[in-house]
Amino acid sequence: MGGRLPLFRDLLPRGLLGRSVLIILVPILLLQAVALQLFYGGHLDVISRRLAGGVAGDVAMLVELLQRETIEDRSWIFREASWRLDLALAFEAGARLNAVERRASMPLLPLEEDLNRALEERLRLPFDTDWQSDPRSVIIRVQTPDGVLHVEAPRKRLFTATLYLFVIWLVGSALLLSAVAVVFMKNQVRAIRRLAGAAEAFGLGRDIGTIKPEGAAEVRQAAQAFNRMQDRIRRFVGQRTDMLAGISHDLRTPLTRMRLALAMLPRSADTEEDLSALTADVEEMERMIAAYLAFARGEGTEQAAPADLVELVQEVAAKARRSGATVEVVAPSGLMLPLRADALRRCLGNLLDNARRHGRLIMVAVDTVSRGEPGDEAAPAWAQITVDDDGPGIPAAGREAAFRPFASGAPGGTGLGLAIARDIVRAHGGEIALEQSPLGGLRARLRLPV
Ligand SMILES: Nc1ncnc2c1ncn2[C@@H]1O[C@H](COP(=O)(O)OP(=O)(O)OP(=O)(O)O)[C@@H](O)[C@H]1O
Ligand SMILES: [Mg+2]
């Protein structure tokens with residue numbers, strides 16, 4: 001069943017505007033087509049046949065009359081026909097109708113067929129009709145025993161214009177209706193589009209404020225629901241951040257006290273080992289809490305603002321160089337996009353820090369890539385950053401686990417670096433993944449929406 005359905009679906013317009021206009025237009029056109037066929041199809045046939053019958057009867061009557069009268073009286077008949085019947089007559093004595101010509105004038109319209117049939121019925125003489133020579137009249141030629149009679153009848157006598165009026169009225173009303181529908185639907189569609197845009201922007205972490213509800217009741221309702229949801233999420237994130245910051249902050253003081261107390265404890269050969277282990281633990285806890293605090297502070301308050309990604313990458317690379325790393329950067333001259341600069345600096349800092357700890361050479365590349373199929377220019381783009389190192393890397397099976405908080409196996413690490421990096425990238429609406437680097441170590445690939 002799948003074979004034909006997609007075909008039909010492909011023909012439908014994709015947008016709401018197109019679809020709703022179609023929904024209005026198709027029933028109207030169907031209805032009008034049925035009305036036209038039922039009413040005018042039959043009605044017009046009858047009228048056309050009767051009109052043709054009238055003209056054919058007049059012509060037959062004239063032919064009959066002409067054959068009974070003497071040559072002198074024919075001019076009287078010609079005059080009478082001209083003013084009483086609106087038929088112009090001419091007689092070509094001794095002429096013959098050309099058989100080839102007769103066959104050439106095949107009936108084209110139902111009108112012509114009706115006239116031919118009526119003439120056949122009433123005339124019982126060879127004849128032909130000529131619709132081409134004059135746009136306003138039809139010429140009927142009749143073969144009488146002593147010559148050819150030309151009858152020029154105005155087309156008005158055979159034809160009614162109401163059908164055209166009716167068709168114009170139908171098409172015009174359909175056009176008018178769809179124009180009205182387009183104008184009204186455009187407003188509705190605009191409201192829905194604005195809502196979709198706002199939801200998208202909010203997902204990317206951009207501050208959009210509350211959106212104004214507009215359009216139909218349902219669309220307004222969706223906009224209001226969106227505003228409430230936005231509010232709740234903001235409040236939730238705020239609470240979470242506040243709580244994290246509060247806990248971290250409150251733990252800091254007792255930890256500092258503990259570290260100072262440990263430093264002041266009297267040391268002996270017996271306790272030395274335990275004490276330095278304890279001190280190391282306390283120091284690690286302090287580092288973790290500092291990381292939490294930094295994370296909580298950054299995420300809670302920072303708004304996305306247009307910034308140069310390349311400049312930011314260069315900055316982070318320079319900082320890594322100062323702490324002794326060999327960093328190479330391959331990047332275009334500039335790439336502006338909405339960024340939470342502090343957060344992203346921390347994110348890249350974490351990645352470079354990992355690379356520096358595990359390898360000797362670090363390569364950072366900035367690039368834009370299409371989100372769609374390769375070659376699809378219209379698809380929106382990602383800004384892509386890859387951080388490569390030549391260290392041991394992480395086996396494919398362990399890469400996802402490395403993102404989990406506290407997943408660290410390395411001494412001196414809190415295990416938060418990659419978790420924080422992923423949080424930050426996701427808050428930008430992007431994604432991050434670990435891969436095998438061409439340098440032999442680990443590659444972190446970041447993608448941010450442009
Ligand atoms: N470039 C890398 N090469 C090899 N292993 C890595 C690399 N980066 C991270 N890892 C592994 O992934 C684990 C998690 O990294 P993550 O940055 O989250 O924590 P961390 O570096 O241990 O601690 P933190 O960054 O919080 O100081 C690391 O302990 C390490 O085992
Ligand atoms: Mg790390």
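This is a predicted model: local features need pLDDT of at least 70, side-chain atom pairs count only at pLDDT 80 or more; totals for chains, interfaces and linings use all residues.
The protein chain is divided into domain 1, which covers 15–160, and domain 2, which covers 303–449. Taken by their C-alpha centres, domain 1 and domain 2 lie 85 Å apart.

The largest nonpolar core has 41 residues, and within that set Leu-309 and Leu-351 are the ones that touch the most other members. Helices and strands both supply this core: the elements that give two or more residues to it include helix H9 (309–322), helix H10 (341–358) and helix H11 (417–427), together with strands such as E7 (336–339), E8 (361–370), E9 (381–389), E10 (431–436) and E11 (442–449). Of these elements, H10 gives the most, with eight residues. The surroundings of Leu-309 show how such a residue is placed, for once its neighbours within four places in sequence are left aside, Leu-309 is in contact with Leu-335, Leu-337, Leu-339, Leu-344, Val-366, Ala-383, Ile-385 and Leu-448.

Ser-48 belongs to helix H2, which runs over residues 16–68, and Ser-48 is buried, with a relative accessible area of 12%. For the chain as a whole, the unreviewed UniProt entry places the feature "transmembrane region" at residues 20–40 and 163–185. In the model, residues 20–40 are 100% helix and 0% strand, and the C-alpha atoms at the two ends of that span lie 30 Å apart.

A search of the whole structure finds one aromatic pair. The partners are Phe-202 and Phe-226, whose ring centres are 6.2 Å apart and whose planes stand at 85°, so the pair is edge-to-face. Phe-202 lies in helix H6 (residues 162–203) and Phe-226 in helix H7 (residues 217–264), so the pair ties together parts that are 24 residues apart in sequence. Both Phe-202 and Phe-226 are buried.

Aromatic rings also meet charged groups elsewhere in the chain. The charged end of Arg-74 sits over the ring of Phe-91, at 5.0 Å from the centre of that ring. Likewise, the charged end of Arg-422 sits over the ring of Phe-403, with 3.8 Å between that charged end and the ring centre.

Asp-86, a residue other than glycine, has a positive phi, near 65°. Asp-86 is found in the loop between helix H3 (74–84) and strand E1 (88–93), where Asp-86 is partly exposed, with a relative accessible area of 44%. Arg-124 is not a glycine either, and has a positive phi of about 55°. Arg-124 has its place in the loop between helix H5 (110–123) and strand E2 (127–130), and Arg-124 is exposed, with a relative accessible area of 71%.

Notes: Residues are numbered from 1 along each chain as its sequence is written. Chains are lettered from A and ligands numbered from 1 in the order in which they are written. Side-chain values use heavy atoms; hydrogens and water are left out. Rings of Phe, Tyr and Trp (its six-membered ring) pair if their centres lie within 6.5 Å; planes under 30 degrees apart count as stacked, over 60 as edge-to-face and the rest as tilted. Helices (H or I, at least four residues) and strands (E, at least two) are DSSP runs, numbered from the N terminus. Buried means under 20% relative accessible area, exposed over 50%, partly exposed in between (1.4 Å probe, protein chains only). A charge sits over a ring if NZ of Lys or CZ of Arg is within 6 Å of the ring centre and within 35 degrees of the ring normal. Domain bounds come from an automatic or database domain assignment. A nonpolar core is a set of buried Ala, Val, Leu, Ile, Met, Phe, Trp, Tyr and Cys residues joined through side-chain atoms within 4.5 Å. Contact means heavy atoms within 4.5 Å. UniProt positions are given in the numbering used here, feature names are shortened, and annotations may be inferred rather than shown by experiment.
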